[in-house]
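I opened a notebook page for this structure. I wanted to look up a few places and write down what I found.

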Amino acid sequence: MIPAILARDLRKSFGSVSVLRGVSLDVQPGEVFGIIGPSGSGKSTFLRCLNSLETIDSGDLYVNGEFVGYCFERGNLRELSDREQSAQRMRIGMVFQRFNLFAHMTALENVTSGPIIVKKLSRVDAGEQGRHLLDQVGLAGLYDRYPVQLSGGQQQRVAIARAMAMDPEILLFDEPTSALDPELVDEVLETIRQLAQQGRTMVVVTHELLFARDVCDRIAFMDQGQLIECAPAEDLFATPQKQRTRDFLQRFNVSEPS
Amino acid sequence: MTTSLESDLPTMTNVARVTLRHPMRWVTAVVCVILLSLVFRAFAYGQIEWSYVGQFLTAKAIMIGFSNTLLMTVLAMALGIALGLLAALMRLSSNPVANAVAAGYIWFFRGTPVYLQLLLWFNLALIFPVIGIPGLVEARTVDVMTPFLAALLGLGVCQGAYTAEVIRAGILSVDSGQIEAAKAVGMRAPQVLRHIVLPQTLRIITPPIGNEVIGMLKHTSLAAVISYHEIMHTASMIYFVNNRVIEMLIVCSIYYLFAVTLLSLGQALLENRLGRSLNKSSGKLKVEEGVGA
Ligand SMILES: Nc1ncnc2c1ncn2[C@@H]1O[C@H](COP(=O)(O)OP(=O)(O)OP(=O)(O)O)[C@@H](O)[C@H]1O
Ligand SMILES: [Mg+2]
């Protein structure tokens, strides 16, 4: 089976700062894959490379069996054109830490923008699908609210519905709850938990370790641009193999299942 | 333990309240009234024949001049915004040629006075005696370059250089996170621009563009130098004959102030409309207590 994501010895630096220092991992279709690690370890950067919001310096990166950002042309690697790039990104949904909703559009318009603008779906069909998605994430009746009129948790759920509206094969979450007030975290986690049961490939970067243990099939621990350890969720928490992983988990008091 | 609620401190209940005095407000008001009455006195006793003002306010020549002023404001501003948008996009594009062309355009047309540019366009025939495509369409520049066209090009092309910078700043101030989100959804660069960036740019640039429109309304008077018949040109032709300089200038002031008042109102309405999505309690919606973003 072709892995949904395959990274081999990925390297990336910003100027003299080396952010990804040889990351290799694979995510299988249908898998829910978690990435945890301290701040600044390169988790967001890795995720952003997956849909070419960042370019990699070296290494191989395949998503859905295709090179990310490049294609083979007469034995050379050629950068993708704007159109090809967009076709590739359509198949990957992304949910950002800071929601990034389109400020001039209502909740429903945010959700239908992709299908209408990119997929050229009719307004009526897209609207129907959009309302259905907003209902699913628990926002029935808030279709006409602008982002400023929604709470953080509601905004993030609109963002999730917006990503879902393109029906992507892979869904990426970059710390979807870390910009939220504590009492709003659960509603967003609950939404992601439901999505995880639908069999879609997901990569979730999160600081919510207990949530990751519950929801993810496998979890990778990243530190200083390297993938330190990758194991089935229960195992990583119960029997971490590396000292650095143990140190990190201990700080959160979740190394021993209680 | 005794509570401090029953202490000997004085109470605020049933004590008369007096408001704070503001003596400076009275002083400034008195100064203003004195200055204003001096100005009024000067106008009342000065050499002003008010009947002329009333008479020329509705004179046909003045009204035609004013409509030419408005026409030129609208057309030159439209040209300025179109060129400004184009130049702003070229400045922001990754194409180095487009970039350099736009930078050169902005450099030249912001670098020289509009007055000079108006004269340059009007006298274009001295540099290019004929214009057109050789062999196909050709015309003598003096015939083509009427005062109207020279004024339109002089004012519009120069305005474009200023508007380009306003629009560029507006585009740059759109939240980059939203642009990334649009890309992640699969929008192509032109779609991101059209559906995400430009609508939000429009809201940001409305106040400065409104400012520019008001500026343009008054800059059209410079076109008098190439004898375009806007209101100031018409007024000067009249006062050369009847010598009623101040009266004619008062008539023009009234027209300008009237137009600027309307433009300011229009701008306020437009800003209101574009700001809908930023209004926490706009339209029929009522945001519940405690739900903030
Ligand atoms: N555009 C950029 N230019 C320069 N340095 C950057 C850029 N983006 C990220 N970095 C640096 O790369 C490193 C990794 O950043 P990244 O955002 O991937 O970390 P992270 O693991 O997501 O951290 P966090 O948990 O705080 O979100 C950081 O040291 C950061 O300062
Ligand atoms: Mg991050």
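I began with A:Lys43 and ligand 1. A polar atom in the side chain of A:Lys43 lies 2.8 Å from an oxygen atom of the ligand. I kept in mind that this is a predicted model.

Next I looked up A:Ser44. An N or O atom of its side chain is 2.6 Å from an oxygen atom of ligand 1. Then I turned to A:Gly40. Here a backbone N or O atom lies 2.7 Å from a ligand oxygen.

How much of the accessible area of ligand 1 does the protein cover? I noted 59% of the 630 Å² that the ligand has on its own.

I then listed the surroundings. The residues around ligand 1 include A:Phe14, A:Val19, A:Pro38, A:Glu175 and A:His207. A:Ser39, A:Ser41, A:Gly42 and A:Thr45 are also among them. Which element gives the largest share of this shell? I found helix α1 of chain A, residues 43-50, with 3 residues.

Last, I moved to chain B and picked B:Gly132. This glycine lies in strand β1, which spans residues 130-133 of chain B. Is B:Gly132 buried or exposed? Its relative accessible area is 53%. The cut-off for exposed is over 50%, so B:Gly132 counts as exposed. I checked its contacts too. Leaving out residues up to four places away in sequence, B:Gly132 touches B:Val137 and B:Glu138.

Notes:
Residues are numbered from 1 along each chain as its sequence is written. Chains are lettered from A and ligands numbered from 1 in the order in which they are written. This is a predicted model: local features need pLDDT of at least 70, side-chain atom pairs count only at pLDDT 80 or more; totals for chains, interfaces and linings use all residues. Side-chain values use heavy atoms; hydrogens and water are left out. Helices (H or I, at least four residues) and strands (E, at least two) are DSSP runs, numbered from the N terminus. Buried means under 20% relative accessible area, exposed over 50%, partly exposed in between (1.4 Å probe, protein chains only). Contact means heavy atoms within 4.5 Å. A residue is near a molecule or strand if one of its heavy atoms lies within 4 Å of it. A polar contact is a pair of N or O atoms within 3.5 Å; within protein, one must be able to donate a hydrogen and the other to accept it, and residues adjacent in sequence count only if both atoms are side-chain atoms. Accessible areas come from the Shrake-Rupley method with a 1.4 Å probe; for residues, only the protein chains shown count as cover.
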